[in-house]
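Could you have a look at this one with me?

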Amino acid sequence: MAREFDGNDTLLFATPPTAIDGLATLTLSIWLIYDNPDDNYRDPIWKGGSYKTNSLWLIQHEAGRGNTNLSFLVPRSTADGRWNLNTVNKAWHNHVITYDFSSTSNDPIWYVDGTATALSEVSTPSGTVATDINELTIGSGFGGASEFWDGKIGEVAVWTRILKASEAASIGKGYSPLFVPRGLEFYASLIGKNSPEGDIVGGAMGTVTGATAFKHPRIIYPRNFR
């Protein structure tokens, strides 16, 4: 199964692996459907705590910027980095985002279904990144407190390195992140392998509020995955 979020639900990993805190480089993979393109400020995933003071990165759906967009945000002390992607709703799509935090001049690479896609830079980051971080929240803003996602989520994975284009392409074709193990530190498949929801790699357990089962996207798993 995947999880369906109705705009009031969340999945909170209060203590995810420390390996994904304060990363120098990041790759995030997530499968998404969003159901209401007219909604504004809805977050399928958020790493860290409160906005600005201790959040690291997030994806946010914004309808209010003139297009139906997903944004990748990197909060910083002076100005946040924000890059927009025009998206397609109401169908499963895989999103792989890579980012190097070492310089404010760096831009993310955003793959949709395995293909790098053009982004609009809305805001250039400046200042320092947060250092006091903790939670990983799926389906809402930090701590499950706001900006609830209205749609479906599956197959969430975080690597501590930047995936190659060929690796992102394989994930976009439906191969499990387990086929790309180097640097993989967090993987919640959301198919009910663990209960209530677990991180297969790091062992963290997530607390689910609502977020009922939904038909999972077609994913190819290793033979020994049960």
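Here are my notes, point by point.

1. Keep in mind that this is a predicted model. Searching the whole structure turns up five salt bridges. As background, side chains with opposite charges can pair when their charged atoms come close.

2. Start with Arg3 and Glu197, whose side chains form a salt bridge at 3.0 Å, N to O. This one ties together distant parts of the chain: Arg3 sits in strand S1 (residues 2–6) and Glu197 in strand S15 (residues 197–198), 194 residues apart. Both Arg3 and Glu197 are buried.

3. Next, Lys47 and Asp21 meet in a salt bridge of 2.8 Å, N to O. Here Lys47 belongs to strand S4 (residues 42–48), while Asp21 lies in the loop between strand S2 (10–13) and strand S3 (25–34), 26 residues away. Lys47 has 0% relative accessibility, so it counts as buried. Asp21 comes out at 22%, so Asp21 counts as partly exposed.

4. Arg161 pairs with Glu167 in a salt bridge, with 2.9 Å between the closest N and O atoms. Arg161 is buried because its relative accessibility is 10%, and Glu167, at 17%, is buried as well.

5. The largest cavity holds about 30 Å³ of space. Asp35 turns up again in its lining, along with Tyr34, Asn36, Asp39, Arg42, His61, Trp149 and Asp150. By class, that lining has four charged, two polar and two nonpolar residues.

How values were computed. Residues are numbered from 1 along each chain as its sequence is written. This is a predicted model: local features need pLDDT of at least 70, side-chain atom pairs count only at pLDDT 80 or more; totals for chains, interfaces and linings use all residues. Side-chain values use heavy atoms; hydrogens and water are left out. On a 1 Å grid over the protein atoms alone, a cavity is a set of points where a 1.4 Å probe fits but cannot get out, and a pocket is an open set with protein on both sides within 12 Å along at least five of seven lines; lining residues have an atom within 4 Å of a point. Grid points are joined across faces, edges and corners, and a volume is the space filled by probe spheres set on the points. Ala, Val, Leu, Ile, Met, Phe, Trp, Tyr, Cys and Pro count as nonpolar, Asp, Glu, Lys and Arg as charged, and the others, Gly among them, as polar. A salt bridge is a side-chain nitrogen of Lys or Arg within 4 Å of a carboxyl oxygen of Asp or Glu. Helices (H or I, at least four residues) and strands (E, at least two) are DSSP runs, numbered from the N terminus. Buried means under 20% relative accessible area, exposed over 50%, partly exposed in between (1.4 Å probe, protein chains only).
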